[in-house]
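Have a look at the model first, then we'll start with a single residue.

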Amino acid sequence: MEQVRLGRTGLKVSRVCLGMMSYGDPAHWEWYLDEEGAEPIVRRAVEGGVTFFDTADMYSRGRSEEITGRLLARFFPRRDDYVLATKVYFPMGSGANDRGLSRKHVLSSIDASLRRLGTEYVDLYQIHRWDYETPIEETMEALNDVVRAGKARYIGASSMYAWQFAKAQYTARSHGWARFVAMQNHYNLVYREEEREMIPLCRDQGVGLIPWSPLARGLLAGNRERGGERRTVRASSDRLAERLYEDSDFAVVDAVRAVAAERGVPPAQVALAWLLGRPGITAPIVGATRLGHVEDAVAAASLTLDEDEVARLEAPYRPHPILGHE
């Protein structure tokens, strides 16, 4: 698989990032895979050329990080052979300081994540959401200290408004602190509101884009149907998907299915190929609970859509309210 620069940095990552949220304690969510179940999927991703892996401290309350660390150490002979990303923000306990982006929580969280991951550093440390209660100066200084201490090579951010991202970058630049090099935003064929402000901002500033939910939590891959039918275990219990997507989005799904049928490939490959072809996109973050999910992601990296196919895929889109910043 092609290895490309993350934004304007010198860091090289695979064109597909394997999202590790699906691996954790099945008692938390029944669609989670334990370490034994995750092992063949991660192995196949590595065999397919994936070198970029994304997790977060809050995924299965730390179990995802533990599984991620053990599996990557098993499949890669050297720590420098893969790129590891994790995130901080969401609650990790019941205490008042067990959440958010305060200096206290950021510095405690990076140490806890490194212990669970079994590594001395992460390549990309990301803020999972915007913290409305903590001054951005406090957060950016703490993140800069994480980088200067060698605990993270780079920092990144996830879903927020473009003005917030610009404010954070300005704050860091004005103080000579580390700036965000990546934006992990909500972006796919049925949710394209990021094209209005965030994506143009990131492209202008050389920030790499690593979208989450590239298949709209499975909608574009066929895990749900009109009228409420749920075709997978995850789709039947995914409350966030219920808030993000609705029946009107199936016009886009129909277009994806039509192009996929003509190509003779699964719809997931077409949806991912569209995203990989968008300007500024470095690596979509793809979740996988079956080997076929990995096969589709790897194949999509080599699939090029023509202008007519792209136009057909984009034509049914309808504007949405801002979704995914919660």
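Q: Does His175 count as buried, partly exposed or exposed?
A: This is a predicted model, where local features need pLDDT of at least 70, side-chain atom pairs count only at pLDDT 80 or more, and totals for chains, interfaces and linings use all residues. Residues are numbered from 1 along each chain as its sequence is written, and side-chain values use heavy atoms, with hydrogens and water left out. Buried means under 20% relative accessible area, exposed over 50%, and partly exposed in between, with a 1.4 Å probe and protein chains only. His175 has 45% relative accessibility, so the label is partly exposed.

Q: Which helix holds His175, and how far in space is its C-alpha from that of Ile136?
A: Helices here are DSSP runs of H or I with at least four residues, strands are E runs of at least two, and both are numbered from the N terminus. His175 sits in helix H5, residues 162-175. His175 and Ile136 are 39 residues apart in sequence, and their C-alpha separation is 12 Å.

Q: Is Thr86 buried or exposed?
A: Thr86 belongs to strand E5, residues 83-88. Skipping residues up to four places away in sequence, Thr86 touches, among others, Thr55, Asp57, Ser113 and Tyr125; contact means heavy atoms within 4.5 Å. Its relative accessibility is 0%, so Thr86 counts as buried.

Q: Which residues touch the most other members of the largest nonpolar core, and which helix gives the most to this core?
A: A nonpolar core is a set of buried Ala, Val, Leu, Ile, Met, Phe, Trp, Tyr and Cys residues joined through side-chain atoms within 4.5 Å. The largest one has 89 residues, and those touching the most other members are Tyr23, Val42, Phe53 and Leu220. With eight residues, the top contributor to this core is helix H10, residues 267-276.

Q: How many residues are in the second, separate core?
A: Phe53 contacts, beyond its neighbours within four places in sequence, residues including Cys17, Val42, Leu72 and Phe76. The second core is separate and includes Leu11, Val13, Ala182 and Ile210. Its count is 14 residues.

Q: How are H1 and H11 oriented to each other?
A: Axes are lines fitted to C-alpha atoms, for helices over the stretch in contact, and angles run from 0 to 180 degrees between N-to-C directions. Helix H1 (residues 35-47) and helix H11 (residues 291-300) pack at about 15°, with axes 9 Å apart. Angles under 35 degrees count as roughly parallel, over 145 as roughly antiparallel, 65 to 115 as roughly perpendicular and the rest as oblique. So H1 and H11 are roughly parallel.

Q: What about H1 and H2: how are they oriented to each other?
A: H1 also packs with helix H2, residues 63-75, at an angle of about 45° and with axes 10 Å apart. Residues meeting there include Val42 and Val46 in H1 and Ile67 and Leu72 in H2. By that angle, H1 and H2 are therefore oblique.

Q: How are H9 and H10 oriented to each other?
A: Helix H9, residues 250-263, packs with H10 at about 105°, with their axes 8 Å apart. The contact is made by Val256, Arg257, Val259 and Ala260 of H9 and Pro267, Val270 and Ala271 of H10. The orientation of H9 and H10 is therefore roughly perpendicular.
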